[in-house]
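Me: I have a chain open here and want to talk it through. Can we start with one of the helices and work outwards?

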Amino acid sequence: MKPTNFFIKDIKEFQSANKNLKNIFNTNKELPHQVFNQRCDYYLFEEFYWGMCEEFWPTVQYLTKIFNEKEVTVAILDSHPTDYFYKEFGYFNYLQLPTSLSSEEYRNVLEIGPEDSPADAPYYHSEKVVWFSSSKKWAIWGERSLDICVIGFNESVLLDHLMKSPSKWSYLNEDVEDLIGLNFRNMTLPQDFKDSLSKNYAHDRDSG
């Protein structure tokens, strides 16, 4: 199967994937605001660029295996899937990836761009990226300009695996705030951003 076959080309298929996506995320929002439509019991953070690399794929395979799923959707929200990508290239920058892919294949797929514009490949041209599956039991929101991803879920059984090496998923803490802060003036996270992030994503110690 050619890697380009993983990109959604059919409008109805895109609309179906987009409906699932919009059930999970409020795509009009961005961090530090709440981007998940339903409040999750757990939010963990990782670096954005890790989500685009080979090392990330085993995490996706683990999550989909737990919920008996065979594929995951990776959707690029910016650049815009219809106003820009479909209009320019005739297909959507949404990917339906079988979890049987190897880690190397995952990375290779993200590096595939339109023939006339290889720089528009997801790996190079993507500001907001989301990963999710049909179970809606977990979902990941990523923003390149902040170099951060956040995963939301309710199943405590996932915590141990996600927080073990080589993954570095962690609760919102000073390290996460410092990482995001590197993208701001004086490499410091503004207080209003920090407060909003904490309000929406801080771990509730009473929940487990």
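Reply: Fine. This is a predicted model. The buried residues of helix 8 pack against strand 1 (42-46), strand 6 (148-153) and helix 7 (174-181).

Me: Which residues in helix 8 are buried?

Reply: Helix 8 covers residues 191-201, and its buried residues are Phe193, Ser196, Leu197, Asn200 and Tyr201. Viewed down the helix axis, they fall within an arc of 100°, so they line one face of helix 8.

Me: Why would residues spaced like that point the same way?

Reply: An α-helix has 3.6 residues a turn, so residues three or four places apart point the same way.

Me: And what is exposed on the other side of helix 8?

Reply: Asp192 and Lys199 are exposed there.

Me: Switching to threonine 59. Where does it lie?

Reply: Threonine 59 is part of helix 3, which runs over residues 57-66.

Me: Buried or exposed, that threonine 59?

Reply: Threonine 59 counts as buried, because its relative accessibility is 6% and the cut-off for buried is under 20%.

Me: What does threonine 59 touch?

Reply: Leaving aside residues up to four places away in sequence, threonine 59 touches Trp50, Leu162 and Trp169.

Me: Which other residues of helix 3 are buried?

Reply: Besides Thr59, the buried residues of helix 3 are Trp57, Val60, Tyr62, Leu63 and Thr64.

Me: What follows helix 3?

Reply: Asparagine 68 does, and its phi is positive, near 55°.

Me: Now the whole chain. How many helices and strands?

Reply: The chain has eight helices and six strands. In sequence order the pattern is α-β-α-α-β-α-β-α-β-β-β-α-α-α. The radius of gyration is 17 Å, close to the 17 Å that the globule rule gives for 208 residues, so the chain is as compact as a globular protein of that length.

Me: What does the C-alpha trace span?

Reply: About 45 × 40 × 30 Å along the principal axes.

Me: How much of the chain is buried, and what about contacts between residues at least 6 apart in sequence?

Reply: Of the 208 residues, 50% count as buried. Among contacts between residues at least 6 apart in sequence, 68% join residues at least 24 apart.

Me: What does the surface come to?

Reply: The chain exposes about 10700 Å², and carbon and sulfur atoms supply 46% of that area.

Me: Last one, charges. How many positive and negative side chains?

Reply: There are 21 positive and 32 negative side chains. The centres of the two sets lie 5 Å apart.

How values were computed
Residues numbered from 1 in each chain as written. Predicted model: local features only at pLDDT ≥ 70, side-chain atom pairs only at ≥ 80, totals over all residues. Heavy atoms only, no water. Helix = DSSP H or I, 4+ residues; strand = E, 2+ residues; numbered from the N terminus. Rg over C-alpha atoms; globule rule 2.2 N^0.38 Å. Buried < 20%, exposed > 50% of the residue type's maximum accessible area, 1.4 Å probe, protein only. Contact = heavy atoms within 4.5 Å. Areas by Shrake-Rupley, 256 points an atom, 1.4 Å probe, with all protein chains shown as cover. Lys, Arg positive; Asp, Glu negative; His and termini not counted. Charge placed at Lys NZ, Arg CZ, Asp CG, Glu CD. Arc of directions from axis to C-beta.
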